[in-house]
Amino acid sequence: MFSNRISDVPKSFIREILKVSADPSIISFAGGLPNRDLFPVENIKDATNKVFDIVGPDVLQYSNSEGYKGLREQIAKRYKSFYGIDVSTKNILITNGSQQGLDLLGKIFLNEGDSVAIEEPGYLGAIQAFGVYKANFLPVTVSEGGMDVEELKSVLQNNEPKMIYTVPNFQNPSGITYTNENRKDVAEVLKGSDVYLIEDNPYAELRFSGSNKKSFMEFLPEHTILLGTVSKTIVPSFRLGWIVAPDIVMEKLLVAKQAADLHTNYFCQRIVDQFLIDYSLDEHIEKIKKMYLSKKQNMVNAIKKYFPEEIEFTDPEGGMFLWVTLPKGISSMDLFDMAIKKNVAFVPGDPFYTNKTGVNTFRLNYTNSDADTIDKGIKILSECIRDIL
Ligand SMILES: Cc1ncc(COP(=O)(O)O)c(C=O)c1O
């Protein structure tokens with residue numbers, strides 16, 4: 001009955017885990033949800049009223065497929081102030097979250113069996129989005145400091161991927177950030193090829209310490225496609241994101257966007273635009289960073305206190321996740337089965353790999369639990385780890 005396209009694409013494992021961990025008796029480090037206490041509720045209320053006052057009933061009208069120009073101009077300005085890069089408003093397409101950006105890119109680039117180079121471990125949502133278009137995944141290892149450049153070279157020697165998908169800042173799932181040198185090296189390898197590099201970047205602004213890194217746009221301007229979102233900095237429920245792409249790609253994206261949903265929710269675009277006009281995004285992000293840093297610290301301290309010494313983990317300078325590596329041969333899926341019986345949830349590594357199962361890694365989210373819960377949950381997890389070792 002169903003198309004080949006959808007038949008063997010698995011359900012999102014995380015969305016399934018989230019259903020289980022919605023039970024309030026479970027301590028969940030599984031989700032990737034921004035902390036609700038930080039949503040700028042009053043400011044969004046005010047911005048909404050103002051939008052009705054300023055725009056009137058037209059704010060409820062259909063709009064254009066590219067997205068609201070005022071918002072796109074503000075996004076372009078932010079690229080200039082945050083990264084120092086020039087992005088033209090005409091090269092920005094507003095999407096229904098950056099997740100739709102991934103879908104549209106799959107739609108315009110991928111025929112069945114076309115190759116996509118992807119970080120290993122990589123963002124599950126990208127694996128799912130490109131999986132629908134029957135991508136042939138070419139995993140390239142990412143570890144502390146960034147992408148394995150030699151591996152990337154050999155992948156490119158043997159294959160012709162249409163694109164390479166990266167999350168170079170506080171990666172989901174690992175929390176890893178590529179160094180500037182690594183970005184330069186990756187760009188060097190890609191220079192001269194037809195491969196488009198996708199820089200999916202929801203977390204860069206959530207940096208607690210260290211210095212901002214350069215965008216791939218600086219190293220590979222003609223072949224970089226940027227994905228952005230307000231989900232982690234303002235509000236996820238509006239489903240507001242964007243793609244920045246060169247003219248020839250934008251032309252195709254626009255057709256795909258029109259076919260998919262005509263345009264992104266205009267009302268929410270205007271509210272976010274008004275929010276950005278009336279309030280300081282920097283001040284708001286400072287609050288987010290302060291809270292997440294403290295929670296990250298709680299988790300790192302608890303891991304140091306309770307986990308056996310041989311367990312490795314990342315200590316990210318920003319973002320929402322850290323990544324744990326168990327000794328070789330230990331399956332994090334088995335650990336998950338043990339932990340969930342003791343009411344602690346996390347995401348086992350398996351769904352972040354395109355061709356491996358039973359891996360020894362897993363993801364922990366620290367943005368959604370208070371200090372005591374983090375301590376308690378990590379203690380329980382450490383007992384499970386000691387049992388499985
Ligand atoms: C790397 C990455 N890309 C895209 C998304 C989806 O974001 P959005 O809410 O903008 O669709 C997420 C959400 O967790 C993510 O971590």
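**Close-up views of a predicted model**

Val-324 stands opposite Phe-362 in S14. This is a predicted model, in which local features need pLDDT of at least 70 and side-chain atom pairs count only at pLDDT 80 or more, while totals for chains, interfaces and linings use all residues. Residues are numbered from 1 along each chain as its sequence is written.

**View A. The open sheet S10-S11-S14-S13.** Four strands, in the order S10-S11-S14-S13, form an open sheet with antiparallel pairing. Strand S10 (312–313) and strand S13 (347–348) each have a single partner strand and stand at the edges, so one side of each is left without a neighbour in the sheet. Strands are DSSP runs of E with at least two residues, helices are runs of H or I with at least four, and both are numbered from the N terminus. Two strands pair if DSSP finds at least two bridges between them. Strand S11 (residues 321–325) and strand S14 (residues 361–365) run antiparallel and are joined by 5 bridges.

**View B. Strand S6 and its parallel partners.** Strand S6 (residues 163–166) is covered on both faces: Met-163 and Tyr-165 are buried on one side, Ile-164 and Thr-166 on the other. A residue is buried if 20 or more other C-beta atoms lie within 10 Å of its own, exposed if 12 or fewer, and partly exposed in between, with C-beta atoms placed from the backbone. Strand S3 (residues 115–120) runs parallel to S6 and is joined to S6 by 3 bridges; Ala-117 stands opposite Ile-164. S6 also pairs in the parallel sense with strand S7 (residues 196–200), over 4 bridges, and Met-163 has Tyr-196 in S7 as its bridge partner. From S6 the chain passes through helix H8 (residues 180–190) to S7 in a right-handed β-α-β crossover (with the strands pointing away from the viewer, the path from the first strand over the helix to the second runs clockwise).

**View C. The shell around the ligand.** Of the 14 residues around the ligand, those that come nearest are Gly-97, Gln-99, Asn-172, Thr-229 and Ser-231; a residue is near a molecule if its C-beta atom, placed from the backbone, lies within 6 Å of it. Helix H5 (residues 97–109) gives the largest share of the shell, 3 residues. By class, the shell holds 4 nonpolar, 9 polar and 1 charged residues (Ala, Val, Leu, Ile, Met, Phe, Trp, Tyr, Cys and Pro count as nonpolar, Asp, Glu, Lys and Arg as charged, and the others, Gly among them, as polar).

**View D. Tyr-83 and Lys-213.** Tyr-83 lies in helix H4 (residues 69–83) and is partly exposed, with 18 other C-beta atoms within 10 Å. Tyr-83 and Lys-213 are 130 residues apart in sequence, and their C-alpha atoms are 8.3 Å apart in space.
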